[in-house]
Each structure stands twice: as C-alpha cells, then as structure tokens.
Amino acid sequence: MTGKPEQMTETPDPEPVAPALDKLRLEGAIFLRGEYSEAWAFESVQAEMAAAILHPGAERVILFHVVANGRCFISTDGEPHWADTGDIIVLPYGDQHVMGGVEPVDPVAMASLISPPPWSELPVVRHGSGGGRTDIVCGYLYSEDPLFDPALRALPSVFVVRPPDEATKQWVGASFEYAVAGGGDQGSTRLSELLLTEALKLHLGSAPAADHGLMAALRDPVLAPALGLLHGEPDRHWTVADLAGQVAVSRSVLDQRFRQVLGRSPIRYLADWRMHLADDLLAETKSNVGAIAREVGYESEEAFSRAFKRARGLSPAAWRATRQG
C-alpha cells in the first residue's frame with residue numbers, strides 16, 4: 001500500500017465534549033426575526049452566499065433558528081425535520097435549506113423577502129397567508145473549529161434540540177426576547193455563543209464516544225479523514241480494510257487509533273453513529289422505519305429494528321413514541 005507512512009503521530013489527550021465545547025472560539029450575532037403566518041415556506045440562500053453576507057471572508061457559517069412561537073419544519077435534503085415552540089434548530093454547516101409551516105405551500109426565495117445588507121436595524125421578515133402564526137429568531141456564528149468543517153461532517157446537516165425542561169425552555173424564550181429587543185447588538189453575540197454551546201452539549205451528549213475523545217479525534221491526522229468518510233456515507237457497507245485504504249494506513253494502525261482515542265473499533269463506532277443518526281430521524285421526522293433503516297445503512301427494517309432495540313432497549317416505533325408523544 002502506498003500513501004502516508006504508518007507511524008504513530010502524537011494524539012491530543014481525549015477530552016470530554018462538554019469541557020471542549022466551552023473552549024470553542026465563536027463569533028456572530030442574531031441577524032433576523034421572522035413573523036410567518038400559515039401557509040408559508042421559504043428557501044434560504046446558498047451556504048456560501050450566507051457566509052459572504054453575514055461574515056465576509058468566511059466560506060461557511062453556523063446558522064441557528066429559535067422557534068419562539070408555533071411549529072415549523074426545516075429540510076436540507078427533502079426530508080422535513082419538525083420543531084415546536086422553544087426548540088432550537090441548528091445548521092452547523094450553514095447548508096441551504098427550506099423552512100415552512102404545517103400547511104403545504106411552494107417556498108419563495110428568502111432573497112425576495114428581505115432587503116440586501118447593510119441593515120441599520122434588526123430586519124423583520126413578515127411572510128405568509130394570514131393564518132396561524134410562527135415566530136422565529138435567526139442567528140449565525142463563525143468558528144474555525146474542526147467540529148464545523150463540512151468535509152468532516154461530525155454533525156448532521158440539520159438537527160433540532162429540544163430544551164430538556166420547562167425552565168430551560170423559558171430561559172431560551174426570555175433571553176431571545178431580550179436580545180431581539182436590543183436589535184441584535186453585541187449582547188446578542190454572547191447569548192448566541194451560549195445557546196449554541198448548550199445546544200451542542202445536548203445533541204452530542206448521545207453521540208458515540210462523546211465522553212471519550214470526539215473533539216480530539218476531529219483533530220487527529222488519521223481519525224479525522226476516517227470520521228469524515230463514515231459520517232459522509234453512513235449507509236455504505238464499510239469494512240476496516242476499505243476505510244484504512246481510503247486514509248492510507250494499515251488496518252492495525254486504524255483500529256489501534258480508534259480504540260485509543262474513541263474507545264471502540266471502527267466498525268463499532270460506525271454502528272453507534274448509525275444509531276445516533278436514527279435517533280434524530282425518529283424524533284424529528286415522519287419517515288417510516290424502513291426508510292430510516294435504509295438511510296442509516298441497514299438492508300432491511302427487521303435488521304435495523306433488532307439492532308436498535310439492542311442499543312436503546314425499545315423498538316424504533318416505541319422509542320419514537322416516547323420522543324414525539
């Protein structure tokens with residue numbers, strides 16, 4: 001095999017996700033408030049354009065939407081993820097997306113709903129047909145951390161974070177009312193940082209190896225490209241030999257590095273990652289179990305259901321009922 005030499009390079013000590021997230025360097029702000037009425041839907045600008053508008057010089061920005069009131073969906077690939085009052089929608093790579101309400105309607109371009117920058121005050125978008133109201137606060141953040149590198153895809157293109165209790169939900173709502181009242185000034189930057197950090201902690205808390213070195217793995221010269229491949233194609237029938245060949249190291253080196261930093265073999269990590277993706281799809285979408293099984297790499301619904309029940313202690317349908325009920 002040709003490629004990189006198979007010598008062990010120094011790896012940062014594994015660090016649990018929560019303390020590592022507290023060290024993220026982030027900058028950004030709240031930039032938009034939306035007042036939408038049923039029926040409504042819009043399509044965002046492309047990721048590169050959003051970055052050029054919000055943080056000139058950046059290739060990508062992190063986008064988030066806080067649902068202050070109502071219910072909406074968001075989709076980056078045609079699969080709607082649903083969010084309700086108090087939920088936080090995160091697009092870690094700023095991907096182009098469609099957002100809309102409960103009633104079906106063709107989306108309009110967001111660019112047609114808002115005047116181009118610079119803005120002298122926080123823009124307010126009002127759009128829809130006059131029915132039930134959904135209010136959304138939008139913000140962005142920029143970070144050079146590998147966690148937000150679209151080539152590694154350590155996070156789904158979009159996910160919804162639900163505050164774990166009523167007190168947290170009320171804090172989110174009150175904080176953003178305060179920030180919006182301030183017109184998206186510098187005070188909203190720190191609030192945006194805190195919100196994203198807490199949202200990531202909640203989301204990554206169930207990710208494989210979250211407490212054993214995920215952040216270190218994303219900085220590792222062997223693991224980072226391997227994780228990018230697994231995250232990018234979770235439905236592929238990966239073998240250790242295939243993965244090792246792609247990152248130009250031997251199977252033994254790859255296996256050793258996974259176990260050293262992530263505490264499990266490459267194939268075990270892939271299985272756990274598939275379950276993590278399935279958690280999101282079951283909780284946030286209306287896709288049937290068979291479709292989710294195929295999306296996360298299982299050839300049959302039965303095989304997926306058996307694996308999911310071993311991992312979570314409940315069938316996919318029963319688990320979904322606990323999250324969506």
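Biologist: Why is arginine 126 called exposed?

Modeller: Arginine 126 has 57% relative accessibility, and exposed means over 50% relative accessible area, buried under 20% and partly exposed in between (1.4 Å probe, protein chains only); arginine 126 therefore counts as exposed. This is a predicted model, in which local features need pLDDT of at least 70, side-chain atom pairs count only at pLDDT 80 or more, and totals for chains, interfaces and linings use all residues. Residues are numbered from 1 along each chain as its sequence is written, and side-chain values use heavy atoms, with hydrogens and water left out.

Biologist: What makes the contact between the side chains of glutamate 35 and arginine 126 a salt bridge?

Modeller: The N to O distance is 2.9 Å. A salt bridge is a side-chain nitrogen of Lys or Arg within 4 Å of a carboxyl oxygen of Asp or Glu, so this pair qualifies. The pair links glutamate 35 in strand 1 (residues 27–37) with arginine 126 in strand 9 (residues 124–128), 91 residues apart; strands (E, at least two residues) and helices (H or I, at least four) are DSSP runs, numbered from the N terminus.

Biologist: Why is glutamate 35 called buried, and arginine 33 partly exposed?

Modeller: Glutamate 35 has a relative accessible area of 13%, so it falls under the buried limit. Arginine 33, at 24%, therefore lies in the intermediate class. Their side chains also meet in a salt bridge, at 2.5 Å from N to O.

Biologist: Which residues do salt bridges with shared partners join into one network?

Modeller: Arg33, Glu35, Arg126, Arg133 and Asp135 are joined in this way. The structure holds 17 salt bridges.
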